[in-house]
Amino acid sequence: MSTYEPRHWKDRESLRMHSANKGGLSNPKLVAVSNPISFANPKAPVYPRLALGKAWDEMTVTWTSGYDINEAVPFVEWGPSGGRKTRSPAGTLTFNRNSMCGEPARTVGWRDPGFIHTSFLKELWPNQRYAYRLGHILVNGSYIWSKKYSFKASPYPGQNSLQRVIIFGDMGKAERDGSNEYANYQPGSLNTTDQLIKDLDNYDIVFHIGDLPYANGYISQWDQFTAQVQEISSAVPYMIASGNHERDWPNSGSFFDTHDSGGECGVPAETMYYFPAENRAKFWYKADYGMFRFCIADSEHDWRQGSEQYEFIEHCLATVDRKQQPWLIFSAHRPLAYSSNDWYGKEGSFEEPEGREHLQKLWQKYKVDIAFYGHVHNYERVCPIYQNQCVNSEKTHYSGTVNGTIHVVVGGGGSHLSDYTPSPPVWSLYRDHDFGFGKLTAFNHSYLLFEYKKSSDGKVYDYFTISRDYRDVLACVHDGCEKTTLAS
């Protein structure tokens, strides 16, 4: 008999387990039925998900429960570890079948998601550790509590302290009991999850840049995914970006007219997770974390020059104070610059079409240090580059003015691996056809380390460093020079 872990609030009612281990998917045969299983409280709060708020001293907590606001009042009890606790209210959202754009999300894939609650914890002290737990006050005055958790507040923008960032895309979810979903689509998912759980004390924030559960219209799989990553998301901010498997659906406003979201058209992702966008339906936002400025773009909406998103990207890049936040990072789900993935190679573009043609002048003008992408399920690091030309001959240790942006594909989070073109282009410095993730470590305002780690063992297989001073950021580069005058 297989083990069973309920991952959906609707699953946690009385039930019997049926095992059908013979006959395969096409002709399953019932071999056993368990005794009835019941749960103490099938509506209890589960799967806490931390995220940065819009202000540097704010942390948001999102979770799932079976309680609507007419049944119970949601809140978070929190405070400094070992200190006095306070309570912050939470808002409640949900979505229904009519919110979905098409099949299977509106039909066989539909499952009531329960209720999604988000609380905003404000006026946090930088780097302070806080304890918290999720609560609901029932109409009869009794309390429902989650277990206790803790997190470390964000550093002040520009703060000179050790800051460590994990970044990857395309992870998905998988089964702990050795069973698997049809087609075994995300074989590396648990390796990545487990490695990040094992290493939890050695990083401060996560960016999962699109293609989260690959639910593809089967809504209960969102709960499976939030359960899988909850040891991570309950302890550090888990920031997300929009991928094609979250958003794309014909005639729904997505830039790509495909069926990749299975009819979800962004609704579960935009509701299940908080992210500090001005409009949650437009999945682009900035995130300040100490010495980092992250500009998170949405490759499933128009990014081209003249679009609303293009204006956001330029504003995000232009408004950072590089004296205080020297490390400027751009990210999007699809490779908007360079990738030697086989299908991009066959197209001849080695990029998502119309990507770098519209954005590379912004990256160069504002001297973006690194751009990260997913979508392609492998790892690839590109030289510092501008207009298809490597602008720095160094391979791993960059110092002074770098002259171009380093582009990195980190799409090997867990989904089936993607093939490369047989011969790497001259700008491709390192490729790895395996599951893994990236890690950024800012030691101070002058020294940044990037590492690529495999999910199988957590060891470093590629890396580079950037060492420089503020004057190097200010220095003139091609298409990135401030205007000057001869007047004295």
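**Figure 1. Arginine side chains over aromatic rings.** In this predicted model, the charged end of Arg49 sits over the ring of Tyr273, at 5.5 Å from the centre of that ring.

Figure 2. The structure holds 28 aromatic pairs, and two of them are described here. Phe75 and Trp145 form an edge-to-face pair, with 5.4 Å from centre to centre and 85° between the planes. This pair links distant parts of the chain, since Phe75 belongs to strand β5 (residues 72–80) and Trp145 to strand β9 (residues 143–152), 70 residues apart. Phe75 counts as buried at 5% relative accessibility, whereas Trp145, at 27%, counts as partly exposed. In the pair of Phe120 and Tyr274, the ring centres are 5.4 Å apart and the planes stand at 90°, so this pair is edge-to-face. Phe120 lies in strand β7 (residues 115–121) and Tyr274 in the loop between α5 (267–272) and β13, so the pair ties together parts that are 154 residues apart in sequence. Here Phe120 counts as partly exposed, with 32% relative accessibility, while Tyr274 counts as buried, with 8%.

**Figure 3. Strand β8 and its two pairing partners.** Strand β8 (residues 129–138) has seven of its ten residues buried, and it is therefore largely enclosed by the rest of the structure. Strands β5 and β8 run antiparallel and are joined by nine bridges; within this pairing, Pro74 has His136 in β8 as its bridge partner. Strands β8 and β9 also pair in the antiparallel sense, over eight bridges, and Gly135 has as its bridge partner Trp145 in β9. In the hairpin of β8 and β9, four residues stand between the strands, and Gly141 takes a positive phi near 90°. One aromatic cluster is formed by Trp78, Tyr130, Tyr132, Tyr149 and Phe151.

**Figure 4. The surroundings of Gln163.** Gln163 has its place in strand β10 (residues 163–168). Because its relative accessible area is 1%, which is under the 20% limit, Gln163 counts as buried. The side chains of Gln163 and Ser161 are joined by a polar contact of 3.1 Å. When residues up to four places away in sequence are not counted, Gln163 touches a set of residues that includes Pro155, Asp204, Tyr289, Phe292 and Leu440.

Figure 5. The seven strands follow the order β13-β14-β15-β16-β21-β17-β22, and their pairing is mixed. At the edges of the sheet are β13 (285–289) and β22 (428–432), each of which pairs on one side only. Neighbouring strands of this sheet are turned against each other by 15° on average, with direction ignored.

Technical notes. Residues numbered from 1 in each chain as written. Predicted model: local features only at pLDDT ≥ 70, side-chain atom pairs only at ≥ 80, totals over all residues. Heavy atoms only, no water. Pairing = 2+ DSSP bridges. Axes fitted to C-alpha atoms, helices over the stretch in contact; angles between N-to-C directions. Buried < 20%, exposed > 50% of the residue type's maximum accessible area, 1.4 Å probe, protein only. Polar contact = N/O pair within 3.5 Å; in protein donor to acceptor, adjacent residues only side chain to side chain. Contact = heavy atoms within 4.5 Å. Phe/Tyr/Trp six-rings, centres within 6.5 Å; stacked < 30°, edge-to-face > 60°. Lys NZ or Arg CZ within 6 Å of the ring centre and 35° of its normal.
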